[in-house]
Amino acid sequence: MKPEREEAVRALARHCYQCGVCMGSCPVARVNNGFHPRRLVQEIARGEWDGILTGDAIWLCAQCHLCSAMCPQDVGLSELIVELRNIATEMGVDPPEAYIENMRQISETGRLAQVSTPVVRRRQKLNLDALESAAADEIRKLVEGTRFGRLLSEGE
Amino acid sequence: MDSDELRIGVYVCHCGLNIAAVVDCPDVAKASADLPSVVVSRDYRYMCSDPGQEMIRKDIAEHKLNRVVVAACSPRMHEPTFRKCVENGGINPFLFEMANIREFVSWCHSQNPGEATEKAKDLVAMAVAKARYLQPLDPLMVPVTPTSLVIGGGVAGIHTALDQADMGYKVYLVERSSTIGGKMAALDKTFPTLDCSICILGPKMVEVSQHPNIELLTYSEVTKVEGYIGNFKATVHRYPRYIDEEKCNGCGECAVACPIEVLNTYEEGLGPRKAVHVQFPQAIPMRYTIDRDACIECYKCVDVCREQGRDAIDFSMQPVDVELDVGTITVATGFDLYDPSKVKSYGYGLYPNVVTAMEIERMVNAAGPTFGHVIRPSDRKEPKTVAFVTCVGSRDEKAQIYCSGFCCMYTLKNAVLLKDHFPEMDVYIIFMDMRTNFKGYEEFYRRARDMGIKFIRGHPDEIFGDPETGNLIISVEDLSVGKPLDLEVEMVVLSQAAIPSKGTKELSQVLTVSTDTSGFFMESHPKLKPVDAATDGIYFAGSAQGPKDIPYSVAQASAAASRSARVMSHDEWEIEPITAYIDPEKCISCGICVSKCPYGAITLEEGKPAEVTTAKCHGCGTCVADCPSSAITQQHFTDEQIMAQIEAALAEDPENKILGFLCNWCSYAGADLAGISRHQFPTNLRAIRVMCSGRVKREYVYEAFLKGAGMVMVSGCHFADCHYISGNYNAEKRIKPLFKILERAGITPERLRLEWFSAAEGEYYARITKEMAGLIGDLGKERITEENEKAKPFLERMMKRGDSS
């Protein structure tokens, strides 16, 4: 990792005084013991890169940005995680299979999760409008324009 | 001593390693030896030490020195020390000049020793150049009025006033509210000894009202201050109470008769008061006030007061302005509490059972609106579980970045009181760090733990209200176990941050003193002049200068009383003779100086040259810069001296240099702060200190570009903050048109900068210096030289015009 890039990430993490507001507000941490945003910030500040970049934690974040919005020290953890994901992929670390699957799903169908037949049936029962199809073509183009799109095509 | 031959001594200070670790001091001393008129130049570890000063005194005698230059720290630090030193050595103290090679060089260019050393040499050369033109001056003595003005009647103002009055000085104590007492009067108990607050403050308040030396002006505000140390003239605006303070005896029959009830702000809106009221039973003065916003003018109070035989009520009362002559001013305007409804996630204002620390303070008080019962606002039931949340609005980049200091302790105190009154109650304190760092405080924290108060380390990310039960669910990570927690409690108490009291900014402008980046009043030096304002004769006490608890406020109050007595105990006080004088031969009696002087110090009689009243002159130099016939001189900041500094600064490699004019009060202090804070930036800037940006002549800018300067910066205080009322406005009026004028002459207008920054904005100074250095780099030496060359005929013409008039 380039020293300037490492320093930019660590500099933000150093603002952290470990109050735990990120942890308290995190919807992922509530359901997944493997994700601990406050500890992640501490590891970043300490520069424990191996564990961070090869581990699953950075891929578990749902990017809801609650931690960034609530952080009293403006650490901006959501944004740091995006940067760490970029760094990890550039270093050749593949995201977990499930994450790639999710992204492939989005780029192909425009949806994060497939709409299952039971869901369609229940919507009909409730007299709800049929779901519009996502603009998959446009989404694909957008994804192709990103680094992740390049990663997907490299994987193929 | 033969004054014809200049004999200058130069002394380069290492300041231990503060300077010497970066700047090659022996090399600077060596280079200084070659400067004109320098007969001796030395470097030494600590120039301010006794041996250092002795070295100067010895050299004055041995080498017959008649000018001394010390290159060391900021003149704002040690100029007085060395002036005294040369005076003891036998030469006039104003024949001394200082080069700031610590704050301006070693501390802010520590990564670049080579360039730093070169800059230090330049700064010494500039100081020597100025020293060649220094003139001996006699100190100016001004009379001192042994009277004090104290603004703010909280615990700090009360103690300052009492100390000063006991020392025999007459004191005017001005308080905005209808009673003195401040925040402390509303507290139930005080930490760490749990004294009843009003029981210990009340007697002091009574003492104020009975002291023969104290004149109390409540329901009043200071709206205007003129003058200077020993001789301030303050205007106090007195709001009408609509009740004659002389006739009212505080019997309170009017309030009994009054039919109007409004929320009592003293009780945090938890209880009522009448339209005619005193804030609390121990109010001083015990005089009633009519709240005309609430009053319906039924005049029942008038009738009942007449029946009492007093007839004190007067609805025709008008505000009056009172003028006071005082020698010193102490600002003790205290603090306000942060409004937690600004941060939605705390739930204050959304859920009734989230209350503030001040609200619980009034509830716990036996004389308060609930008679000591702690009740939930939603259903008036006594809560069985209460959680205190600290750092509400403190240590938060989105609110106040600082720690308010006393909240940990008042949270502990309130929690202990609850646990003491209601042992069955479950009391939680949710905290990030527990700060208990004074006498008896840590012991108090232990006492709280021993009582069974539950401590959870963490900070809530959100507080939700349950509409069914009125209970609150606090979402927080319990840091000690590292797990998110949903804690359900019946009531939440928020420990609000302390913020600058309302009107602080306005008062700072009335007094022309600075505020810091947090908005509190800024002291002259954070360690060695903690209660002095940068303006002589003005002092701070208590939370006006930053959040403080009671013991600390009282200590500061006594410090301010002592600092002001240091002045008031003298019949006369020495001030710097840096005043202006007008050459009657050159004066054309145009009267421009009369209109520019913010102090009315210049008078002009028809057919006669204008004249400066020296005692009224504050030494800003604005008249000097605006005089069309160059008839005015400011002593110790003469044209000759400044021109010599410009020449020396730009002697070598001028295209790469920024010539900066920094006003003494804000910009110079801000640049000092950049060094003190160890901000790092390029070395291009060469600073010339003037008392006010209003002193900077257009000719200085022309001369700088003529001499090849890469950039010129003129800087001063923010508008309305000018130490000399209007100097920076005049500077702007004079310098701003230069952008167009210079552009027409062929100079990129961005090469001139007009900047306003305060003594607190060191980081800003570092940033703009970087920007300016960047521009010099972008334009390149060739382009700058070319532009200067092109503008030369125009600049020479302008300079000539300045000379001939």
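The model is predicted. Buried positions in helix 14 of chain B are Ile550(B), Ser553(B), Val554(B), Gln556(B), Ala557(B), Ala560(B), Ala561(B), Arg563(B), Ser564(B) and Met568(B). An α-helix has 3.6 residues a turn, so residues three or four places apart point the same way. Helix 14 of chain B consists of 19 residues, and the distance from its first C-alpha to its last is 26 Å, close to the 27 Å expected at 1.5 Å a residue.

On the side of helix 6 of chain B, the contact is made by Val155(B), Ala156(B), His159(B), Thr160(B), Asp163(B) and Gln164(B). Helix 14 of chain B contributes Ile550(B), Ser553(B), Val554(B), Gln556(B), Ala557(B), Ser558(B), Ala560(B), Ala561(B), Ser564(B) and Ala565(B). Sorted by class, this contact between helix 6 and helix 14 of chain B holds eight nonpolar, seven polar and one charged residues.

At the level of domains, chain B is divided into domain 1 (1-139), domain 2 (147-335 + 500-568), domain 3 (351-494) and domain 4 (637-805). Between domain 1 and domain 4 of chain B, the C-alpha centres are 24 Å apart. The contact between these domains involves 21 residues of domain 1 of chain B and 22 residues of domain 4 of chain B. On the domain 1 side, helix 4 (102-106) and helix 5 (113-131) of chain B each supply at least two residues. Helix 5 of chain B gives the most to this side, with eight residues. The domain 1 side comprises eight nonpolar, five polar and eight charged residues.

Chain A is divided into domain 1 (3-90) and domain 2 (97-155), with their C-alpha centres 27 Å apart. Between the chains, 17 residues of chain B are in contact with 16 residues of chain A. Strand 25 (residues 472-478) of chain B gives the most to the chain B side of this contact, with three residues. The residues on that side of chain B are divided into five nonpolar, five polar and seven charged.

Terms used: Residues are numbered from 1 along each chain as its sequence is written. Chains are lettered from A and ligands numbered from 1 in the order in which they are written. This is a predicted model: local features need pLDDT of at least 70, side-chain atom pairs count only at pLDDT 80 or more; totals for chains, interfaces and linings use all residues. Domain bounds come from an automatic or database domain assignment. Two residues are in contact if their C-beta atoms, placed from the backbone, lie within 7 Å. Helices (H or I, at least four residues) and strands (E, at least two) are DSSP runs, numbered from the N terminus. Ala, Val, Leu, Ile, Met, Phe, Trp, Tyr, Cys and Pro count as nonpolar, Asp, Glu, Lys and Arg as charged, and the others, Gly among them, as polar. The expected span of a helix is 1.5 Å times one less than its number of residues. A residue is buried if 20 or more other C-beta atoms lie within 10 Å of its own, exposed if 12 or fewer, and partly exposed in between; C-beta atoms are placed from the backbone.
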